Amino acid sequence: MKKQRTVTFNHNPLLKRELPAWRSRFVLMALLGCSAALAGRALYLQGIHNEFLQAKGESRYARVLEVPATRGRITDRYGDMLAVSTPVRSVWAIPGDAQLEPGDARQLAKLLEMNAVELDAKLAGGRDFVYLKRQLAPDVADRISALKLPGIHQQREYRRFYPGGEVMSHVLGFTSIEDRGQEGIELAFEKLLAGQPGSRRVIKDRRGQVVEDVESIRQPRDGQDVVLAMDGKVQYLAYSALREAMQTHRAKAGAVVVLDVRTGEVLALANAPTFNPNNRANLTGAQLRNRVFTDTFEPGSVMKPFIAGLALERGKFKATSTIDTSPGRMTIGGASIGDAHRHGVLTVAEIIQKSSNIGTVKMAQQFTPDEMWRLFDQLGFGSPLNMGFPGEAGGRLRPAKSWRPIEQATMSYGHGISVSLIQMARAYLAFARDGDLPSLSLTRVDAASVAGRRVFSPEVARELRTMLEMAAGPGGTAPKAQVPGYRVAGKTGTAHKLEGGRYANKYVSSFVGFAPVSNPRLVVAVMIDEPSAGQHYGGAVAAPVFARIVEGSLRALGVAPDAPLTPLQFARKPGDAAVVVAVEESM
Amino acid sequence: MRLDALLVALAVASALGVVAAQHQARKLFSALEREQTRTHGLEVEWGQLQLEQSTWAAHGRVEKLARDKLGLRPPAQGQMVVLEPQP
């Protein structure tokens with residue numbers, strides 16, 4: 001047997017060579033160095049420079065949520081709601097994502113109250129974002145989100161509702177689809193009413209639920225409520241009386257404003273034609289016009305009492321002074337002025353009662369244009385009242401220097417000067433109060449009375465009240481203004497309308513008055529534009545509107561009657577209408 | 001050695017406490033969240049109820065019902081009696 005040679009590989013001489021000791025140490029050091037670098041970096045990221053990663057991490061979970069704020073409510077003086085915002089939802093889609101099954105599409109279309117073709121057309125348009133329907137009721141919106149359709153999203157919005165509908169529309173105005181004020185009070189008080197949506201940062205877990213409130217970035221601020229001076233009952237009376245007169249006299253337009261004598265609050269303000277603020281499709285400009293504030297008209301005879309007031313104030317006349325108005329016609333600078341009837345010799349009181357142009361002009365001629373201009377200016381004519389209402393008109397009052405004598409004469413009976421109805425109503429406060437004029441307020445005034453700027457002395461105001469009561473009484477121009485139970489006073493106006501620089505055969509009939517005379521509470525101004533059913537005198541058209549409003553309002557406000565409740569005695573016998581016709585008013 | 005064990009136990013207890021507190025905070029927060037949502041919902045409902053009330057109580061509607069359904073009418077002249085307080 002051959003002796004085998006044993007080979008032991010581990011005794012390979014090649015392997016016998018000693019490795020240099022530094023190599024293993026080098027590897028060890030390298031590994032140590034690496035882990036030290038890692039530890040150092042980790043320390044750096046976690047401990048020293050950690051903001052960046054923290055922010056990144058948070059952004060995976062933190063969300064900024066919008067906290068909605070509601071728009072303030074508008075209420076009348078008793079707190080009854082006039083305008084409320086309530087949440088609705090808008091449904092929008094990303095057409096690219098919205099790949100709907102035909103069945104789903106039909107169901108969605110049905111909930112959106114549109115037909116399927118319409119919906120397809122909306123989704124087919126090559127846009128990235130499309131509103132399917134805005135301002136949907138929340139319960140319908142919930143049913144849509146329950147369908148869980150891809151690419152269909154919802155957005156929370158507010159919609160404004162006006163329970164008063166067309167009764168209040170001109171005062172309140174309305175808001176845009178974004179709930180911003182566009183007209184009326186909504187625009188005038190936009191700053192107060194508008195809410196300021198807030199936002200806060202929260203952390204959501206992976207199921208999307210908020211687990212932690214990190215910080216409040218901005219507190220939401222709900223809009224403040226606005227309490228108007230308006231009285232719901234008076235407003236409704238004013239609105240329905242005006243609407244009735246519009247129908248009876250087939251008028252083009254009309255306006256009414258009711259003021260509280262003691263505080264200068266606007267209790268009611270109605271316009272016709274009107275609109276329903278909850279449904280503003282097919283709106284026309286004529287419906288939108290707030291004639292009380294934005295339209296000016298030549299007032300006509302309602303201006304006369306101010307001239308009489310000035311005459312008494314300056315001591316040029318007394319209420320009993322007589323003026324000869326015959327022959328009922330006079331010529332100034334080539335133009336002639338006339339009365340509708342010959343009145344002969346009249347006292348100042350009778351001039352107002354019978355509305356004589358000649359008599360008024362003769363009083364006005366005692367004054368310089370500057371004196372008359374100053375009176376008009378003090379009464380607030382010619383410049384806007386600055387009540388904050390959008391589109392307030394100032395009217396036309398030319399500087400006194402440019403007045404020709406005929407213009408001064410016609411202005412005394414309300415032609416060649418234009419005013420808005422609210423200006424005229426406010427000016428009559430000077431008679432209803434003791435000669436001073438407060439500033440008006442659209443919002444409720446929590447004071448028993450408000451002081452104003454003096455225009456007439458209390459004695460003159462009292463005398464004018466008596467004259468104006470005569471004008472609204474038997475033998476005056478407006479016996480139809482009378483109300484059972486209350487003493488009323490006021491003045492009619494019937495003015496030709498200017499059309500293209502000439503007086504056309506169209507009229508503006510007006511009546512401005514107050515009641516009860518013993519202690520006035522309300523000033524009511526009525527304007528009817530172009531009555532076309534035969535009658536156009538202020539005493540026949542506007543005075544009955546005044547009467548209806550005053551009768552209902554004073555009773556609603558609980559004002560004690562100051563006249564017997566039995567039917568007021570007219571000069572005429574029953575069935576004999578002659579007296580009313582006989583006091584047809586001039587101009 | 002016993003001190004170490006005690007400290008470790010304390011540390012563990014405190015850590016558990018932190019966790020519990022955190023959990024409690026989240027629970028309370030979500031409760032707060034719910035209540036806030038409810039507040040808002042109730043406010044909205046209140047607004048809607050006010051709206052409904054003013055719609056039902058609208059003067060025009062009341063007048064129509066009074067006239068048509070109940071047959072009411074304003075008192076005629078001579079039907080009214082005024083009472084005055086004794087001075």
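Helices (H or I, at least four residues) and strands (E, at least two) are DSSP runs, numbered from the N terminus. This is a predicted model: local features need pLDDT of at least 70, side-chain atom pairs count only at pLDDT 80 or more, and totals for chains, interfaces and linings use all residues. Residues are numbered from 1 along each chain as its sequence is written, while chains are lettered from A and ligands numbered from 1 in the order in which they are written.

**View 1. Chain A as a whole.** Chain A holds 21 helices and 21 strands. Its radius of gyration, taken over C-alpha atoms, is 40 Å. Along the principal axes, its C-alpha atoms fill a box of roughly 175 × 55 × 50 Å. Buried residues make up 43% of the chain. A residue is buried if 20 or more other C-beta atoms, placed from the backbone, lie within 10 Å of its own.

**View 2. A hairpin in chain A.** Strand 9 (residues 253-260) and strand 10 (residues 266-272) of chain A form a hairpin. Five residues lie between the two strands. In the turn, A:Gly264 has a positive phi of about 70°. The strands run antiparallel, joined by six bridges; two strands pair if DSSP finds at least two bridges between them. A:Gly254 has A:Ala272 of strand 10 as its bridge partner. Strand 10 is mostly covered, with seven of its seven residues buried.

**View 3. Two domains of chain A.** The bounds come from an automatic or database domain assignment. Domain 1 spans 61-94 + 164-228, and domain 2 spans 232-278 + 285-582. Their centres, taken over C-alpha atoms, are 42 Å apart. Domain 1 gives 21 residues to the contact and domain 2 gives 18. Residues are in contact if their C-beta atoms, placed from the backbone, lie within 7 Å. On the domain 1 side, helix 6 (169-172), helix 7 (184-188) and strand 8 (226-227) each give two or more residues. That side has 12 nonpolar, four polar and five charged residues. Ala, Val, Leu, Ile, Met, Phe, Trp, Tyr, Cys and Pro count as nonpolar, Asp, Glu, Lys and Arg as charged, and the others, Gly among them, as polar.

**View 4. Chain B against chain A.** The contact takes 17 residues from chain B and 21 residues from chain A. On the chain B side, helix 1 (2-56) and helix 2 (59-68) give two or more residues. Helix 1 of chain B gives the most, with 10 residues. The chain B side divides into six nonpolar, nine polar and two charged residues.

Methods:
A residue is buried if 20 or more other C-beta atoms lie within 10 Å of its own, exposed if 12 or fewer, and partly exposed in between; C-beta atoms are placed from the backbone. Two residues are in contact if their C-beta atoms, placed from the backbone, lie within 7 Å. The radius of gyration is taken over C-alpha atoms; the globule rule is 2.2 Å times the number of residues to the power 0.38.
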